[in-house]
Every structure is written in structure tokens, then in C-alpha cells.
Amino acid sequence: MITFESKILLLRKYKSYYNAIFLTSALLQTNPNYITILGILYYESGQFSQALNILQSLSTTTSKYYESLCLYNLREYSKAIEILQNLISNNFKLDTPFNSEFDSLILPVNPEIVSELLGMLLTLNGEREKSLSYFQKAFYTSELPYSFQELLSENKFSDITKELKGFSDCFSNESSNKIFFANNICRKYFEHRLYLKTGSNIKNSKLVNSMVKKYSKFFPGLGSFFLAEVAKDVFESGLTELSQKLFEELRRRDHTAIQNMDVFSTVLWHSKDISGLGILCRELIRSNPMSYATWTSLGNYFSFKGDHHRATLCFKRSIFISKNYYAYTLLGHECILKNEYQLALRNFLGSCKMFIHNFNAAFGCGMVYSKTDKIDNAEFFFKKAIAFNSKNTLLRLLILQFYNRCSLYGRIVENIRDIFLGQKEYDSRDLGIILKEIFPVMISKFKSTETNELILLEMVDVLLHYQMEEEAKTIIDMVKTRGRIYFSKKTLIDNRKNDNKKEDFDSTTFFSDEVC
């Protein structure tokens, strides 16, 4: 015969919360301790305020953990943080067992899971630096995947890479040893992600594709996680075309995937693929209408179409659904397009509080200050953006264009030396001497890509400033990308040639007059 408790738990399993809550309310008349179960059921049914009203009167570990979850969902982050910190310090009494099937709902104090939730809440509360210590605690104790991802995004694995050494391919051994494969698959995932983030591995398209191939049999599931994160990392390294291919592969294999689809929409925005962006938005609205990533993608769509009002509303809707740094960053860029610089700065700084190594938001701050003619502040944030993501050549290009507009030729040469020659050390010699020395080496080591060619074109202004017209012409002859920037630089060189001819003609006329 089924017991009353079993019936409630069965209804809970089937998500029949109305019935489960009603029966628990009736059971409460026989034992007041069942109030904790009632609070849990109200929380799980999404009635957070009612659950909070019940749980606040209790002081056990289970009730306090669920109370913090209610506050999390009601966006009262500071109160939730305080409760969880007390929970880790064991400041609450343990639950009294029910001696029934309800004992399965009692939570033991699990420091690593509580630490991870604390890290999430501190991030949302704009205390990112504090949050990372809790993510480290959670990962070092239990290797929780979410904590791993948060630490990896902030480059916090300089030490742990030694612990995860011994890069080996367990996937080839899955048929011979199923238990070994099952126990180690998470660790292999961590190792593969770390390996791709090491040095310039993420920019090695052959290596990336070979890694992705290893996960081809794990769709939907682990393969979706891996491909979504690698595609994002590839995009942030500046390889937009490869990133788009990886995201498209993810959508083919797992057409309802939502992870990092907001980033995919930005990839399509940069690729100027408006039809692909429109298709993505339509699919996301159909499959995930209440996801923040869907509304961020819609914001990118309207931004591309030039409808900045609707784009702003979509980004705000994304933040309302789930507070996230990415939507704040894109909202900041949208504010720049609307000349709302103070609002843009506020959004960028808010984004930085949630994600420290946010090169995009740091670049956005630089853009705001450059637009308001605060050059020193702009340069500070541009340098910060490069420090966060020195692999992104597109980012380098945009910053070089800023230096060119400000005629900061020394900064351009410093960046060119770093990009093409890997020379980071400061050189105090005259720029003209440095240019003549590095130019032939730079040309010999040049690898032709569209972004690299555009970076090289930014050198034309510097070379012309130092009377190096032949070297500037060499660059123009090397570049295959025929766009607006190319023709503007070519016009600069042609004008300089005409000016030189005119000067030669004037000096000849002057001397002939003197002879006469």
C-alpha cells in the first residue's frame, strides 16, 4: 500500500505541484516539521515569494539553502550571499530526520556545491574577484564543470595545468574499458579545453578540427558542450570564419542547442550574414523563447538592420530574463551607436564587474573615451583589452586605427613589432631607425590574411610620415584585399608622389629663375 509521503513524492516526480503542495499542507497538520517540505515544493513550483515566506522562519541547513535559492531567483543577491556564507561556516543546525521517505529531501552540507552557488551569486552581484576563490574551491574539491568553465574564462589555470598534464586520448579506449572511459571523460574534457587554450593552439585550425572530430560521436550531450565552447574561444581569438563553421556544425548536429547562441549571433553579425542571423533568430524563438540568448540574438539582428531602438529593447529583455555580462556589453555598444556615451560606459563597467577579462567591454570603454576626446583614458582601456586578449588580431586592428587617428605612430610601431615579430620589449631608439630595421623582417615573415593585410595598411601613414614612400608602396602592392581602407591608403601615396613632383618642379623653376 502506498504511503501518504510516497504519494507526495510521486506527484513531485511528475511535477504535479498543485496536488503535492495540497497534500503536504494536509500532512502538516500531523507534524509541523513538514513545513520544510512545503517550502521546497513551493520553490520547485516557481512560487518563490511564498516559499521564502515559509523558509525564512526556519533555521536548518536544508531550509536555509532553499531560502538562498528563492532570494537568487528574486534577485536579492546580497541576502542570498550572506545566508550561503553562514551555511559554509556551519552556523545553522542540521535537519531532524523524518524517519520516512521525506529524508531523501534533506540536504547535507556540501561545501563545494554551496561554494559554486556562492560564486555565481557574487558574480551577479558584481563581486567577480571574490567569486573566483569560491569557484576554485568547488573545482579543486569536486572538479565541477561549471566552476571549471568560469575559471578557464578568467585564465585561472596557470598552476592547475601541471596537475592535468599527461594529455592522452581516452576516447580511443572506450570500447575496451567502459568503466575507465566513464570515470575519466570529464577529466579528458577539461584537459582538451585547457590544451586548446594553451599558447596559440586555439588559432591552429587543423588542431581545432581534429579535437572537434573526437567529440563527433557525443551528440547531443558532451559534444554540444565542447563544440559550443570551442567555437566561442575561436571567435574570441579573431577567427570569425572558422568560428562560424563550428557553430553551424553544432546547429546541424544539435539543432536545439542554446549554449553560446548569443555569441553565434555576434559571429553572424561580424560576417554580415543577415540571412543566417535571421534564420538563427527564428529557430531560437521557436525552440527557446524564454532564453536570454534568444533575446540577445534578436538584439544583434535589429542592430545589424539599423533598428537601434528595438535592439536596445531586446538586450534589456535578455538582461531581465537572466542577468548576463554579454548582453550588457552589446547594450553598451548599442548605446555608442545612439551617442549615449555615459549610458554606454555604465553598461560596459557593469559587464566588467561580472567578467574581469572582458576584452570586448574594455574595448567599449576605450571607444567611449575616444568619442569624448579623452585620449589617455581611451588608451588605458585599449591596452587593457589587448592584455586580456592579445590573440585577437581584429581587436588589434581597431586599436591601431585609433592610434592612427590620434597620430600616435610610436604606439603603432610597438603593436606591429608585437603582432608580426613577437617583440614586446620597449625600444627607445628613433622610430625612423626602428622602421628601417624591422620593415624587411616584417615583410619576410608576413602571413597573408584579410585582417593581417588591414593591419599592415595601418603602417602606410607611419611610413609616409617618415618619408619612406617606397616601403609604403611595397605594402600597397602586397595587399590583395581591395576595400575602402586599401583605396584610401593608395590615394595617400599617390598624393604624396604628386606633391613630391610638384616640389621638384617648383625647385627647378626657382633655380632657373635665379640663373636668368
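This is a predicted model: local features need pLDDT of at least 70, side-chain atom pairs count only at pLDDT 80 or more; totals for chains, interfaces and linings use all residues.
Leaving out residues up to four places away in sequence, F102 touches E5, I8, L9, L27, Y34 and I37.

## Salt bridges

The structure holds 26 salt bridges. One of them joins the side chains of K64 and E67, at 2.9 Å from N to O. The two residues are three apart in helix α5 (residues 61-73), so about one helical turn separates them. K64 counts as buried at 10% relative accessibility, and E67 is buried with a relative accessible area of 5%.

D307 and R310 also meet through their side chains in a salt bridge, at 3.5 Å from N to O. Here D307 is partly exposed, with a relative accessible area of 26%, and R310 counts as partly exposed at 45%.

## A link between helices, and a network

E469 and R496 form a salt bridge whose closest N and O atoms are 3.2 Å apart. Because E469 lies in helix α28 (residues 469-478) and R496 in helix α29 (residues 484-515), the pair ties together parts that are 27 residues apart in sequence. E469 counts as buried at 18% relative accessibility, whereas R496 counts as partly exposed at 22%. Elsewhere, salt bridges that share partners join E379, K383, R411 and E414 into one network.

## Domains

The domain assignment of the chain gives domain 1 (1-109) and domain 2 (415-501). Their C-alpha centres lie 67 Å apart.

Notes. Residues are numbered from 1 along each chain as its sequence is written. Side-chain values use heavy atoms; hydrogens and water are left out. Domain bounds come from an automatic or database domain assignment. Contact means heavy atoms within 4.5 Å. A salt bridge is a side-chain nitrogen of Lys or Arg within 4 Å of a carboxyl oxygen of Asp or Glu. Helices (H or I, at least four residues) and strands (E, at least two) are DSSP runs, numbered from the N terminus. Buried means under 20% relative accessible area, exposed over 50%, partly exposed in between (1.4 Å probe, protein chains only).
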